[in-house]
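Work through the exercises below with the sequence and the 3D view open. Each task is followed by a solution in steps.

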Amino acid sequence: MAAEVKTEQVQTVTAVGVMEKYIRIADNFIILYDASGSMGRPYKDTGMQMIEAAEKALKEKVALMPDLGWQAGLYLFTPWEPFYEMQPFDKAKFAAAVDRLPDTASAGTFKGQPTPLVEGLEKLDPILAKASGRTVVFIFTYGTYKLPASKKRPLEVIKELTAKHDVCFNIISTAGLEKDIQILQRMADVNTCSRVIPFNWLLGHPHRTTGSLYTVRSVPFVVTTTETKVTDV
């Protein structure tokens with residue numbers, strides 16, 4: 001005897017939830033690090049010098065970052081020295097480069113080191129010229145600087161860079177005097193995507209500077225399983 005077996009596909013929901021999706025906003029980022037004399041002063045009542053606190057904040061930021069395919073660079077500008085030449089972002093290698101930055105043990109005579117901020121900004125021009133897409137430049141600065149032979153001010157150079165390139169400046173301010181705070185604010189006012197970030201607002205809160213590089217969106221998901229069941233013979 002023969003029999004016809006009838007079946008149907010039955011779907012069962014096994015999980016419902018929300019996952020976080022990282023959306024890249026910028027294509028590249030560059031960090032300009034300050035190890036000048038102003039970074040040798042104590043940072044509040046933490047027992048750290050400013051240069052130690054800045055490195056701690058930078059390490060916190062790198063530890064938080066996902067790998068979204070950026071091109072990245074890390075440069076000391078007091079004086080100019082590349083620690084991570086502009087290249088694809090590799091989180092482990094970038095973190096190792098941060099570890100090599102000058103600190104109180106290795107900076108040598110950094111306490112007497114001037115701040116050639118203008119020269120550092122000018123060195124960005126050829127790097128930005130080779131970059132594709134939007135670049136975010138993070139600058140650790142006290143607001144003071146050594147006036148170069150050209151007599152150019154940092155604001156002049158930033159205006160030139162933003163006119164030529166798709167670049168935004170996130171100025172990590174360690175400034176204490178009102179005149180220095182105003183200098184940094186004028187630098188950030190060159191375009192709508194640049195801003196001043198007070199250092200004490202950043203330390204311990206690395207997520208507060210990620211918005212210029214990527215955003216996080218909550219995406220709902222449903223997991224289902226499919227079974228074949230006999231319904232009739």
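## Exercise 1: F199 and the cores

Task: find which residues F199 is in contact with, leaving aside its neighbours within four places in sequence.

Solution. Step 1: with those neighbours set aside, the contacts of F199 are Y43, M50, A53, A54, A57, F140, I172, S173 and T174. The model is a predicted one.

Step 1: turn to the largest nonpolar core, which has 36 residues. F199 is listed with F29, L58, L74, F94 and L213 as the members that touch the most others.

Step 2: At least two residues each are supplied by β2 (28-33), α1 (50-64), β3 (71-77), β4 (80-88), α2 (91-99), β5 (135-141) and α7 (199-202). The most comes from α1, which gives seven residues.

## Exercise 2: the faces of α5

Task: decide which residues of α5 are buried, and which exposed residues lie on the face turned away from them.

Solution. Step 1: P154, V157, I158, L161 and T162 are the buried residues of α5. Viewed down the helix axis, they fall within an arc of 130°, so they line one face.

Step 1: the face turned away from the buried side carries A163 and K164, which are exposed.

Step 2: the cover over the buried residues includes α3 (117-122), α4 (124-130), β6 and α6.

Step 3: take T162 as a case. This residue sits in α5, which spans residues 154-164.

Step 4: the T162 side chain reaches the backbone oxygen of K159 at 3.1 Å. Beyond four places in sequence, T162 is in contact with V167, F169, V190 and N191.

## Exercise 3: the disulfide

Task: state how many disulfides the structure holds, and whether C168 is buried or exposed.

Solution. Step 1: there is one disulfide. C168 and C193 form this link, with their sulfur atoms 2.0 Å apart.

Step 1: the two cysteines are 25 residues apart and join distant parts of the chain. C168 belongs to strand β6 (residues 167-173), while C193 lies in the loop between α6 (178-188) and β7 (195-198).

Step 2: the angle about the S-S bond is -100°, and the link is left-handed.

Step 3: C168 has 3% relative accessibility and is therefore buried. C193, at 24%, counts as partly exposed.

How values were computed. Residues are numbered from 1 along each chain as its sequence is written. This is a predicted model: local features need pLDDT of at least 70, side-chain atom pairs count only at pLDDT 80 or more; totals for chains, interfaces and linings use all residues. Side-chain values use heavy atoms; hydrogens and water are left out. A disulfide is a pair of cysteine sulfur atoms within 2.5 Å. Helices (H or I, at least four residues) and strands (E, at least two) are DSSP runs, numbered from the N terminus. Buried means under 20% relative accessible area, exposed over 50%, partly exposed in between (1.4 Å probe, protein chains only). A polar contact is a pair of N or O atoms within 3.5 Å; within protein, one must be able to donate a hydrogen and the other to accept it, and residues adjacent in sequence count only if both atoms are side-chain atoms. Contact means heavy atoms within 4.5 Å. The arc is that of the directions from the helix axis to the C-beta atoms. A nonpolar core is a set of buried Ala, Val, Leu, Ile, Met, Phe, Trp, Tyr and Cys residues joined through side-chain atoms within 4.5 Å.
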